[in-house]
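This report concerns pairs of charged side chains. Please keep the structure in view while reading.

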Amino acid sequence: MTWILEHQPAAAWHALQTAWKRDLPAVLEGHDPHHYPVRLSGWSATDTALGDVLKAVADYYHVSAGDLRSKNRQRRFTEPRQIYCYVAKRHTTKSLAQIGAVIQRDPTTVMHSARTVAARRKVAMSTQRSVAAIEARLR
């Protein structure tokens with residue numbers, strides 16, 4: 001890319017404009033145009049919006065969406081927050097930053113939460129049931 005910019009600035013500028021025009025509509029809709037999500041069997045990753053995931057988790061745990069966005073570290077809020085991150089990461093095409101923005105958290109926090117729930121699902125039946133019930137609400 002450096003060679004193109006140094007020796008052919010007009011061509012490089014045209015290439016950047018073309019890429020911008022091609023990718024801008026997808027970016028404005030919240031999709032990463034270069035991200036190809038892994039499809040789960042029987043589940044279309046584009047079917048679910050982050051707001052739907054947040055509402056399903058909040059309804060299941062009987063907390064408000066504001067509680068999930070709060071800084072409160074009580075277990076009754078942290079577990080649903082982590083479940084939200086796991087389900088949103090698994091069933092949407094959104095980036096970690098976009099998932100975290102909904103609940104006012106860092107992308108690294110979202111990644112940690114999703115990994116924590118994935119590990120907990122292997123050993124705790126209650127977590128497996130919770131995730132399955134929330135996924136059923138989203139279908």
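Is Asp 59 buried, partly exposed or exposed? Asp 59 is partly exposed, because its relative accessible area is 36%, where buried means under 20% relative accessible area, exposed over 50%, and partly exposed in between (1.4 Å probe, protein chains only).

The model is predicted: local features need pLDDT of at least 70, side-chain atom pairs count only at pLDDT 80 or more, and totals for chains, interfaces and linings use all residues. Residues are numbered from 1 along each chain as its sequence is written, and side-chain values use heavy atoms, with hydrogens and water left out.

Side chains of opposite charge can pair when their charged atoms come close. The structure holds four salt bridges, a salt bridge being a side-chain nitrogen of Lys or Arg within 4 Å of a carboxyl oxygen of Asp or Glu.

| Pair | N to O distance |
|---|---|
| Lys 55 and Asp 59 | 2.9 Å |
| Arg 120 and Glu 79 | 3.9 Å |
| Glu 135 and Arg 90 | 3.4 Å |

Lys 55 and Asp 59 lie four residues apart in helix 3 (residues 50-61), about one turn of the helix; helices are DSSP runs (H or I, at least four residues), numbered from the N terminus. Lys 55 counts as exposed because its relative accessibility is 53%.

The salt bridge between Arg 120 and Glu 79 links distant parts of the chain, with Arg 120 in helix 7 (residues 107-123) and Glu 79 in helix 5 (residues 75-91), 41 residues apart. Both Arg 120 and Glu 79 are buried. Together with Arg 75, these residues are linked in a network of salt bridges.

Conventions: Helices (H or I, at least four residues) and strands (E, at least two) are DSSP runs, numbered from the N terminus.
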